[in-house]
Amino acid sequence: MIKFAVHTVHMKEDNRRYDLKVRCVGDYNRYIGVPTVNPSVSVVHYDEIGQIRHSRTLWGVYGLFLLDDTDESLGYGSGGYDYHCGSLVCVAPSQIGGSSDDGTTFRRKGWALLFHPSFFHGTDFEKTLLKYEFFHYHVNEALPMNGNDREKFVCLLSMLKEEISGSNAEVVIRKLIELILSYCQLFFNRHFNLPASKSSHIVSRFEEILNDYYTNSEQLTLGRPTVRECAERLCIVPNYLGDLIRQETGESAIRFIGKYIVNRAKSMLMEGHSIAETAYTLGFGYPTHLTRLFNRIEGMAPSKFLKRHQIK
């Protein structure tokens, strides 16, 4: 029997339709009809499940998909995604991809790894995760994997799947995911000339500007980055930047910046910094301003976030 997620929606956001909103790995697991063993991480072997309904998906998690079929014509962002049998497709939170729901189903073959970004909040690896090129929008071509690469990838996924189903030790699970992503970066660097493609892509350049802004501690003298400031550094007008970001992500440029800042706030809070210290470090005049943004983006106050994600 085919099972469908309770979070399946048909919605238009600025003429960008999606059928399924995956806010956590459990949403996707319910959609394809597999149990959720770990609330933050899921490994799926598609060969072991039945038919899946087509869906254009708004992702709220990271995903790696080793696809051994070519039954779908995949969309990605505002364009398409080029993939072939045996290639690796990667998605990140706030990205939209897939094939629109036309009422039909298909049989997926291959593997998938999905994990929620909160799984690495407060760890050293969180910053590394943001730098992986294959999760960025300028990469819209899947990685064709040779036999040796595929064998390593499947072996690691099998180990991770077994670990999730067994001891469920978070330290081991994190290390396995880190190793898998390190291999993926090697695969992509071998196949693509990523720096060249990155320099011409607006979303990646926007992310670079935000990274540089905080790396250089400009927020301490200039305050939080604004759309106007980022647009000037990109040599385009603010309205045009907003249009480009909305076309690619389905979100406004202001919200894009807000989510970026909130993610940095999460890392600092999980590292033990106080809410006030985090607010001032990130360029807020008052802690209440951080709380207001945090509530708008996450739907909860920083204090509640800490209680929910406190390290045991």
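**Notebook: helices and sheet**

I note that the model is predicted.

I then looked up helix H3. H3 packs on the sheet and touches S3, S6, strand S9 (87-91) and S12. The direction of H3 makes about 125° with that of S3.

Next I traced the sheet. I found an open sheet of 5 strands, in the order S3-S12-S6-S9-S13, with antiparallel pairing. Strand S3 (41-45) and strand S13 (143-144) stand at the edges with a single partner strand each, so one side of each has no neighbour in the sheet.

I also looked up one pair of strands. Strand S6 (residues 62-67) and strand S12 (residues 110-115) run antiparallel and are joined by 6 bridges. Leu 67 has Gly 110 in S12 as its bridge partner.

The axes of helix H3 (residues 147-165) and helix H4 (residues 170-191) come within 10 Å and cross at roughly 165°. Angles over 145 degrees count as roughly antiparallel, and H3 and H4 are therefore roughly antiparallel to each other. The crossing in which H3 passes H4 is left-handed.

I listed the residues that make this contact. From H3 they include Phe 153, Leu 156, Leu 160 and Glu 163. From H4 they include Ile 173, Leu 176, Tyr 183 and Arg 190. By class, I recorded 15 nonpolar, no polar and 4 charged residues in the contact of H3 with H4.

Key: Residues are numbered from 1 along each chain as its sequence is written. This is a predicted model: local features need pLDDT of at least 70, side-chain atom pairs count only at pLDDT 80 or more; totals for chains, interfaces and linings use all residues. Side-chain values use heavy atoms; hydrogens and water are left out. Axes are lines fitted to C-alpha atoms, for helices over the stretch in contact, and angles run from 0 to 180 degrees between N-to-C directions. Helices (H or I, at least four residues) and strands (E, at least two) are DSSP runs, numbered from the N terminus. Angles under 35 degrees count as roughly parallel, over 145 as roughly antiparallel, 65 to 115 as roughly perpendicular and the rest as oblique. A crossing is left-handed if the near helix is turned anticlockwise from the far one by less than a right angle, and right-handed if clockwise. Contact means heavy atoms within 4.5 Å. Ala, Val, Leu, Ile, Met, Phe, Trp, Tyr, Cys and Pro count as nonpolar, Asp, Glu, Lys and Arg as charged, and the others, Gly among them, as polar. Two strands pair if DSSP finds at least two bridges between them.
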